[in-house]
Amino acid sequence: LLLKGYVDNTSISSEVESFLKELAEITPKIQYKIIKKDQDTAAFEHHDVAYPSIALYDEQEQYLGVQFHGVPGGHEFNSFIVTLYNAAGPGQPVDPDLLAGIKALNHPIHIKSVVSLSCTMCPEVVMSASRIALENDKVKLDIFDMAHFPEIRDKYQIKSVPCMIFNDKDVHFGKKNIAQMLELLQS
């Protein structure tokens, strides 16, 4: 996998850079690239970037539709690692009927998942949403750490997490597994 870190000059961006460097040192299967704000405008053509973020790409630099905004620490570290595992290979097994339902989604869907790093329910939402995005290229996922993106919290009047926003209009709260999320996306 190639992880692109989109950074600016904030301290949280410095944490993203350090996080990616340390992660890439663990295994040769992960490469990373740091892209500084306003350095490479062509790099942002497929999505809006809220700094800092970590976007997942395959080895041919094709965007995989998943982007973490902030540093995936706390409880989100596990969901980040599971997302990498699911993106890099066969991943975790998914029920064949659910997989067929995911692949049948035929319209563009943008999911914003808003989390807190101390939330114990948020990782399942992130893992479910990321699996859906990785299996269907019409689905894009942005995960936001609410502590670093108060404008998202304020815009959608988020009072609790996990929170999911579908296509900037449908807001859903609470823990959801893949089946529950798929049902929401199909309705």
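**Notebook: aromatic pairs**

I searched the whole structure and found 5 aromatic pairs. I counted rings of Phe, Tyr and Trp (its six-membered ring) as paired if their centres lie within 6.5 Å; planes under 30 degrees apart are stacked, over 60 edge-to-face, the rest tilted.

The model is predicted, so local features need pLDDT of at least 70 and side-chain atom pairs count only at pLDDT 80 or more, while totals for chains, interfaces and linings use all residues. Residues are numbered from 1 along each chain as its sequence is written, and side-chain values use heavy atoms, with hydrogens and water left out.

**F19 and F77**

I looked up F19 with F77, one of the pairs. The two are edge-to-face, 6.3 Å centre to centre, with 90 degrees between the planes. F19 lies in helix α1 (residues 11–26) and F77 in helix α2 (residues 76–88), so the pair ties together parts 58 residues apart in sequence. Helices here are DSSP runs (H or I, at least four residues), numbered from the N terminus.

I then checked burial (buried is under 20% relative accessible area, exposed over 50%, partly exposed in between; 1.4 Å probe, protein chains only). F19 is buried at 15%. F77 is partly exposed at 35%.

**F144 and F149**

I noted ring centres 5.3 Å apart and planes at 75 degrees for F144 and F149, so this pair is edge-to-face. F144 is buried at 5% relative accessibility. F149 is buried too, at 2%.

**Cluster and charge**

I found F19, F68, F77 and F80 in one aromatic cluster. I also found the charged end of K4 over the ring of Y57, 4.2 Å from its centre. The criterion is NZ of Lys or CZ of Arg within 6 Å of the ring centre and within 35 degrees of the ring normal.

Terms used: Helix = DSSP H or I, 4+ residues; strand = E, 2+ residues; numbered from the N terminus.
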